[in-house]
Amino acid sequence: MSRNTAAVAELTRRLVSIPSHDDERAAGDEIEAWLRAETDAAVRRDDHGNVIARRGEGEASLALVGHHDVVDPHSSQVTAGTPDGSDPAYVVEERDGRLYGRGAADMKGSLAAAMCAFRDADPGAELVFASFVGEEQGGVGARAAIDDGFAPDYAVVGEGTTGYSAPDATDVAVAHRGRRGSTLTASGRAAHASEPDAGVNAVYRACDAVDVVRDLPTPGTTVLGHRMQGSVAVTGIEGGSGWNVVPEACSVTVDERTIPGGRVPLERAENVEGVEWVVDQDLPPMACGDAGFADAALAAADAAQSATPEHVVKPHATDAGWLSDAGTTCVIAGASEPGEAHTADESVSIDVVERCRRLYQDLAERWPVE
């Protein structure tokens, strides 16, 4: 194992060992302290818990972006901590060239790679590092930072892109879908089920609304030559208070995967009498509009590995959606592979984490192209 690989592996191990599923402060403390000790950058911790650092100068700015919150760990991924049960820690194990632990794939491995690249790069522009809180809660930290004026010109977001085009390739995503979660609520009038005509059945109205959703068109688009297609699915239905009561209320949950510039016209379901449509969550999609930046990122990815990476699209939302929505030109490249995040045996390849460090550093040094 090379010195650089060992260093990024050790930093990944340290970050993964720190619990950050319900309180990100300790992980933020570690990141902030490391940046202050290892770099001469201007480092700050904002009021939301985000860690942001800047170094270098130039007409353009490039950000290396990640997040240090994680989803709740599996019981096997947590130690008891001290004898009295306080101060628990995450279990981190190394096996067969991989680090196992909650957050290893999503996304503390890529975060460690970005930190080391931020330290070591000789950037051609202002280089920014940002680790956000609350990504798993819908981009809370990224949205707050943007509201406070965080606005890099370009960004590479370290969510997983390894294994998309080929099993051992770390690709560059030039777009991803967003997610709009919504609820259809049908109202009726209760009655005894022995006299159904005396009431108005909310379940029937909900079913009529589901039929509308089923027939709605899903939009498609192309981003830098890559086709993206939206989707919509009814994912749940709940209604009724008893087997002998005509239901007066029924709710239907809808999951829509949005694309840049296109939405499913779910509002048409409100044409059914007694049905109301409410949006519960709307995570924006992302599309890179700068082919030159996308190509530079791909060239950096190609130089960092023996496999041949490609431009790809991701099926789900990331903080890149919020940044793109605010005007930052984004791509995504990271160590995590499909099926690793949020699992009981979550892991990341040490070699791929080091590959991402090289990718990020090379991109920082080659962008902007003169």
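This is a predicted model: local features need pLDDT of at least 70, side-chain atom pairs count only at pLDDT 80 or more; totals for chains, interfaces and linings use all residues.

Let me begin with helix α1, which covers residues 3–17. Which residues of α1 are buried? They are Thr5, Val8, Ala9, Leu11, Thr12, Leu15 and Val16. Viewed down the axis of α1, these buried residues fall within an arc of 165°, so they line one face of the helix. As for partners, the buried residues of α1 pack against α2 (25–38), β5 (98–100), α3 (104–120) and α8.

I turn now to helix α6, residues 291–303. This helix has 13 residues and reaches 18 Å from its first C-alpha to its last, close to the 18 Å expected at 1.5 Å a residue. At the start of α6, a side-chain oxygen of Asp290 comes to within 3.0 Å of the backbone nitrogen of Gly292. The buried residues of α6 are Phe293, Ala294, Ala296, Ala297, Leu298, Ala300 and Ala301. Against what do these buried residues pack? The strands are β3 (61–67), β7 (154–157), β8 (172–176), β18 (311–314) and β19 (329–332), and the helix α8 (350–366) is a further partner.

How many aromatic pairs does a search of the whole structure find? It finds five. One of them is formed by Phe132 and Phe150, an edge-to-face pair with 5.6 Å from centre to centre and 90° between the planes. Phe132 lies in strand β6 (residues 126–132) and Phe150 in the loop between α4 (140–147) and β7, so the pair ties together parts that are 18 residues apart in sequence. Both Phe132 and Phe150 are buried.

Another pair consists of Tyr154 and Phe293, whose ring centres are 4.9 Å apart with their planes at 45°, so the pair is tilted. Since Tyr154 lies in strand β7 and Phe293 in helix α6, this pair ties together parts that are 139 residues apart in sequence. Tyr154 and Phe293 form one aromatic cluster together with Trp367.

Trp367 also takes part in a backbone feature. The peptide bond from Trp367 to Pro368 is cis, with omega near 5°. Pro368 is placed in the segment after α8. A cis peptide bond also joins Asp106 and Met107, where omega is about -5°. Met107 lies in helix α3.

Asp96 is not a glycine, yet it has a positive phi of about 55°. Asp96 is located in the loop between β4 (93–95) and β5. With a relative accessible area of 81%, Asp96 is exposed, because the cut-off for that class is over 50%. The other residue is His342, a residue other than glycine with a positive phi near 70°. His342 is found in the loop between β19 and β20 (347–349). At 41% relative accessibility, His342 counts as partly exposed.

I close with the annotated domain. An unreviewed UniProt entry carries the annotation "domain: Peptidase M20 dimerisation", which covers residues 174–261. In the model, the end C-alpha atoms of residues 174–261 lie 15 Å apart, and the span is 15% helix and 50% strand.

Asp255 counts as buried, at 14% relative accessibility. With which side chain does the side chain of Asp255 make a polar contact? The partner is the side chain of Arg257, at 2.8 Å. Leaving aside its neighbours within four places in sequence, Asp255 is in contact with Arg179, Arg180, Ser231, Val232, Ala233 and Thr235.

Thank you for your attention.

Conventions. Residues are numbered from 1 along each chain as its sequence is written. Side-chain values use heavy atoms; hydrogens and water are left out. Helices (H or I, at least four residues) and strands (E, at least two) are DSSP runs, numbered from the N terminus. The expected span of a helix is 1.5 Å times one less than its number of residues. Buried means under 20% relative accessible area, exposed over 50%, partly exposed in between (1.4 Å probe, protein chains only). Contact means heavy atoms within 4.5 Å. A polar contact is a pair of N or O atoms within 3.5 Å; within protein, one must be able to donate a hydrogen and the other to accept it, and residues adjacent in sequence count only if both atoms are side-chain atoms. The arc is that of the directions from the helix axis to the C-beta atoms. UniProt positions are given in the numbering used here, feature names are shortened, and annotations may be inferred rather than shown by experiment. Rings of Phe, Tyr and Trp (its six-membered ring) pair if their centres lie within 6.5 Å; planes under 30 degrees apart count as stacked, over 60 as edge-to-face and the rest as tilted.
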